[in-house]
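This briefing goes through a predicted model. It takes helix packing, the sheet, a salt bridge and some local backbone features in turn.

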Amino acid sequence: MELPLPTCVHLEPVGRGQSSTRVPAPALMSFDAYCRLVDEFPALAQIEFSAPVDPLLHPRFFDMVRYAGARGLQVSARSELLSLSPARAEECVTSGLYRLQVALEPPRPRLANEVRVAAPFSRALRNVTRLVEAKRRLGASLPQIELLDIVTRSKLALLPDLARSAQSHGADALCVLEVAESARAMGLMRAFIDTESLRGEDPAVLERVFDETRALAQSLGIGLRLPSLEPGERCQRPWRSAYIGVAGQATPCSMAPGAFGNVLREGAARVWNADAYRDFRERLASDNPPEPCKGCAFHRGNAAPFACD
């Protein structure tokens, strides 16, 4: 029996290509290709923009948001928000963007020690403030602004301060990922992960800090999503959401390598129910999951969920 097409798509409108000199160069999904891709999913309800490169750098990003909004879709984006002019801040508000996740860590640090132990998020937080001011000036409640950060054992004690910073800069919520959840995407060294993963922390210490942060976030009136301390539902991403790269290639999730087909060339329904996708799902549901999924926090059910998850 064929699996119905998902109601959520994670999309990379900006990627990394190779120039003739073998130097990485930006690659953009065309607006026409984007519209065709969105139209491939008849029951689509949510789009989440994310990419190796900030999706807000796409020159037609807000046109993409408006196109989806005209179809009644809920649109979210993840950005480092390192640059935001007053005009772009207003477009974030007027385009219909529902949620903006502001990533406070670099997506791929060159070295493991570039994962910050302190929290000098000045540029991103200044732009959060600029966006909050635009919302107030226009009398808007959207987009929801969510700060996204990666927690390590070294940074664990800073979680309450991070919640205070989120509230003081006008963010609506704070989402915290465990370092192992982003290890593959960030290219972190295994030794660093083993040292800094919360899995090695005293559970009593974790519970105390998490409880303190939850209570503080509640008193400050902001939302909070933390890594789970207990196993929950195993990863359901390849059943619930489609992950599509800048050229239309479909992958099982944002962290697993390999493509199962190309939605722009073959069509969403054909790719979604292709043998490669079916085989991957069967293995993921078994006691012998695919290699990229072994040890993944999402596969174990210990990860903070995103909007589509």
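Helix α5 (residues 159–168) packs against helix α8 (residues 203–220) at an angle of about 15 degrees, and their axes lie 9 Å apart. Angles under 35 degrees count as roughly parallel, and α5 and α8 are therefore roughly parallel to each other. The model also holds an open sheet of nine strands with mixed pairing, and eleven salt bridges are counted in it.

**Packing of α5 and α8**

- The crossing in which α5 passes α8 is right-handed.
- On the α5 side, the contact is made by Leu159, Pro160, Ala163, Arg164 and Gln167.
- On the α8 side, Val209, Phe210, Glu212, Thr213, Leu216 and Leu220 take part.
- Sorted by class, this contact of α5 with α8 has seven nonpolar, two polar and two charged residues.

**Packing of α1 and α2**

- Helix α1 (residues 31–39) packs with helix α2 (residues 61–70) at an angle of about 25 degrees, with the axes 11 Å apart.
- That angle makes α1 roughly parallel to α2.
- Here too the handedness can be given: α1 passes α2 in a right-handed crossing.
- From α1, the residues in contact are Phe31, Tyr34, Cys35, Val38 and Asp39.
- From α2, they are Asp63, Met64, Val65, Tyr67 and Ala68.
- By class, the contact of α1 with α2 has eight nonpolar, no polar and two charged residues.

**The sheet**

- Strands of a sheet pair through backbone hydrogen bonds, and the pairing is either parallel or antiparallel.
- The nine strands are arranged in the order β9-β8-β7-β6-β5-β4-β1-β10-β11.
- β9 (223–225) and β11 (250–251) stand at the edges, each with a single partner strand, so one side of each is left without a neighbour in the sheet.
- Strand β1 (residues 8–11) pairs with strand β10 (residues 241–244) in the parallel sense, over four bridges.
- Leucine 11 has isoleucine 244 in β10 as its bridge partner.

- Side chains of opposite charge can pair when their charged atoms come close.
- Glutamate 146 belongs to strand β7 (residues 144–151) and arginine 225 to strand β9, and the two residues are 79 residues apart.

**Threonine 94 and its contacts**

- Threonine 94 sits in helix α3 (residues 86–94).
- Leaving aside residues up to four places away in sequence, threonine 94 touches Arg66 and Leu138.
- Threonine 94 and leucine 138 are 44 residues apart along the chain, and their C-alpha atoms are separated by 8.6 Å.

**Backbone exceptions**

- Most residues other than glycine have a negative phi, and most peptide bonds are trans.
- Which peptide bond is cis? The bond from leucine 142 to proline 143 is cis, with omega near 5 degrees.
- Proline 143 lies in the loop between α4 (122–138) and β7.
- Leucine 81 has a positive phi of about 50 degrees, although it is not a glycine.
- The location of leucine 81 is the loop between β5 (74–79) and α3.

Definitions and conventions. Residues numbered from 1 in each chain as written. Predicted model: local features only at pLDDT ≥ 70, side-chain atom pairs only at ≥ 80, totals over all residues. Heavy atoms only, no water. Pairing = 2+ DSSP bridges. Axes fitted to C-alpha atoms, helices over the stretch in contact; angles between N-to-C directions. Parallel < 35°, antiparallel > 145°, perpendicular 65-115°, else oblique. Left-handed = near helix turned anticlockwise from the far one by under 90°. Contact = heavy atoms within 4.5 Å. Nonpolar A, V, L, I, M, F, W, Y, C, P; charged D, E, K, R; others polar. Salt bridge = Lys/Arg side-chain N within 4 Å of Asp/Glu carboxyl O.
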